[in-house]
Amino acid sequence: MAEKKIIPWLDTVRVFSAFCVIVGHYTSCFDGFPRFDTMRLFFWYAGNIGVFLFFVLSGYLILPSLERSKSLWSFYKRKLIRVVVPFTVCYLILGFALLACGLVNPSIAEFSPLYRGAYESGFSLGKILAMFPVEVNFVRLAGLPLEWFVGEWFMGALLCIYLISPLLYKLIRVAPLPTFAATILLAVGTHYALADLTAEGQIYSDWWLFTARLPEFYFGMLLFMYKDFLLRNRRKILPVVTILTLVGAAGFILRYWGDSALVTRLYPLEPRSLLMTLPSSYLLFILAEWLNEKFPSALAHFNGFSGVSYMTMLTQHVILHVFASQFKFKDLHSLGLWLIFILVTLTIVKVSDWIKKFSDPLERALK
């Protein structure tokens with residue numbers, strides 16, 4: 001059985017991914033403000049980068065996780081607890097906290113789904129389901145209302161992928177590359193098969209469906225499986241991957257030159273995003289590893305935030321939208337937007353660390 005050990009560069013990727021999601025969602029909250037154009041240009045979909053890195057990283061870590069598991073049930077139980085418990089704890093704590101804040105400012109209480117459930121539409125099945133990570137597109141197709149609050153759509157998607165990961169584990173041992181090609185075909189096929197449903201609003205986005213994220217997850221599995229080979233041949237592989245990434249980026253830039261959100265076109269939510277997400281994730285992994293080799297002391301504190309990286313993914317949406325409702329951002333100078341960003345990021349990290357102190361003991365008790 002493989003031993004679990006701390007690998008610093010993996011923590012760097014975790015923290016960087018969480019930071020990208022915060023940046024992207026912070027920007028999206030204030031789209032349309034004239035003084036926000038520059039930040040919008042570069043950071044509008046930074047969250048896309050964070051999301052695909054989380055999927056690749058999850059795939060990278062799944063093989064040793066499966067190898068450490070004593071049985072299939074122990075694997076499923078551990079993953080279920082690891083994803084669901086923090087999600088639900090975060091949902092309830094933030095929900096009640098916003099209700100409490102409503103005693104000072106009633107408008108804040110309205111952000112809580114507990115408030116809306118109690119005073120507006122009641123606690124429907126959709127609201128109850130939202131307290132757990134679910135595949136949002138499945139819920140939407142079933143016609144159930146889904147309450148958006150903590151967590152992201154990808155938590156439900158990730159659980160679906162975890163469900164089939166033992167099968168992927170077997171396939172990667174037998175036919176790694178054909179299986180990789182199959183995941184890409186499934187992702188692209190899903191996109192085109194569900195395009196009409198997306199256009200009609202019956203699902204949120206076909207590129208949010210778990211099948212569409214399989215190539216990134218499986219690519220992470222391949223990176224782990226062939227890590228020794230990739231390390232031995234890095235000098236040959238790295239230039240090729242770098243060229244492929246640059247060519248892909250140049251193609252997007254030329255195609256969308258003059259677009260008000262040019263940089264976001266590099267990582268769109270559609271099949272062509274694979275042209276950037278797959279090779280650039282390898283480059284970012286190599287960069288994180290190199291930085292930790294060259295500057296271990298400087299990155300030690302940065303990596304220390306990896307323990308709350310998952311929890312920040314759960315809290316950031318709520319905190320960002322509460323902040324956005326309290327500030328007149330259109331009246332702020334650009335420097336003010338940056339200062340607010342620093343403040344809201346520190347708040348997200350602090351709140352995440354506080355909530356984690358409640359969820360960790362419950363996780364340990366259930367395990």
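Is Ser309 buried or exposed? At 5% relative accessibility, Ser309 counts as buried. Buried means under 20% relative accessible area, exposed means over 50%, and partly exposed lies in between (1.4 Å probe, protein chains only).

This is a predicted model: local features need pLDDT of at least 70, side-chain atom pairs count only at pLDDT 80 or more, and totals for chains, interfaces and linings use all residues. Residues are numbered from 1 along each chain as its sequence is written, and side-chain values use heavy atoms, with hydrogens and water left out. Helices (H or I, at least four residues) and strands (E, at least two) are DSSP runs, numbered from the N terminus.

- Ser309 sits in helix H17, residues 309-326.
- Ser309 touches Arg14 and Ala18, not counting residues up to four places away in sequence. Contact means heavy atoms within 4.5 Å.
- Asp11 is found in helix H1. Its relative accessibility is 13%, so Asp11 counts as buried.
- Asp11 touches Ile6, Asn303 and Ser306, again not counting residues up to four places away in sequence.
- Asp11 and His317 are 306 residues apart along the chain, and their C-alpha atoms are separated by 22 Å.
- Arg213 lies in the loop between helix H11 (195-199) and H12. Its relative accessibility is 2%, so Arg213 counts as buried.
- Leaving aside neighbours within four places in sequence, Arg213 is in contact with Val51, Phe52, Phe55, Trp153, Ile161, Trp207 and Leu269.

**Helix H12**

- H12 has 12 residues and reaches 16 Å from its first C-alpha to its last, close to the 16 Å expected at 1.5 Å a residue. The expected span of a helix is 1.5 Å times one less than its number of residues.
- H12 is mostly covered, with 11 of its 12 residues buried. Among them are Leu214, Pro215, Glu216 and Phe224.
- The buried residues of H12 pack against H3, helix H9 (153-174), H10, H13 and H15.

- H14 covers residues 234-255, which is 22 residues. From first C-alpha to last, H14 reaches 31 Å, close to the 32 Å expected.
- The buried residues of H14 are Ile237, Val241, Thr245, Gly248, Ala249 and Phe252. Seen down the axis of H14, they fall within an arc of 95 degrees, so they line one face of the helix. The arc is that of the directions from the helix axis to the C-beta atoms.
- Which exposed residues does the face of H14 turned away from its buried side carry? They are Arg235, Lys236, Ile243, Leu246, Val247 and Leu254.
- Helix H13 (227-232) and helix H15 (274-294) are included in what covers the buried residues of H14.
- H15 has 21 residues, which should span 30 Å at 1.5 Å a residue; its end C-alpha atoms are 30 Å apart, which agrees.
- H15 has a kink of about 25 degrees, centred on Ser280. The bend at a residue is the angle between axes fitted to the seven residues ending there and the seven starting there.

**Aromatic rings**

- Rings of Phe, Tyr and Trp (its six-membered ring) pair if their centres lie within 6.5 Å; planes under 30 degrees apart count as stacked, over 60 as edge-to-face and the rest as tilted.
- By this rule the count comes to 16 aromatic pairs.
- Trp9 and Tyr60 form an edge-to-face pair, 5.5 Å centre to centre, with 70 degrees between the planes.
- Trp9 lies in helix H1 (residues 8-29) and Tyr60 in helix H3 (residues 46-68), so the pair ties together parts that are 51 residues apart in sequence. Both Trp9 and Tyr60 are buried.
- Phe180 and Tyr218 form a stacked pair, 6.0 Å centre to centre, with 20 degrees between the planes.
- This pair links distant parts of the chain, 38 residues apart: Phe180 is in helix H10 (residues 176-193) and Tyr218 in helix H12 (residues 214-225).
- Phe180 counts as buried at 16% relative accessibility, and Tyr218 is buried with a relative accessible area of 0%.
- Ring pairs link Trp9, Tyr60, Phe224 and Phe285 into a cluster.
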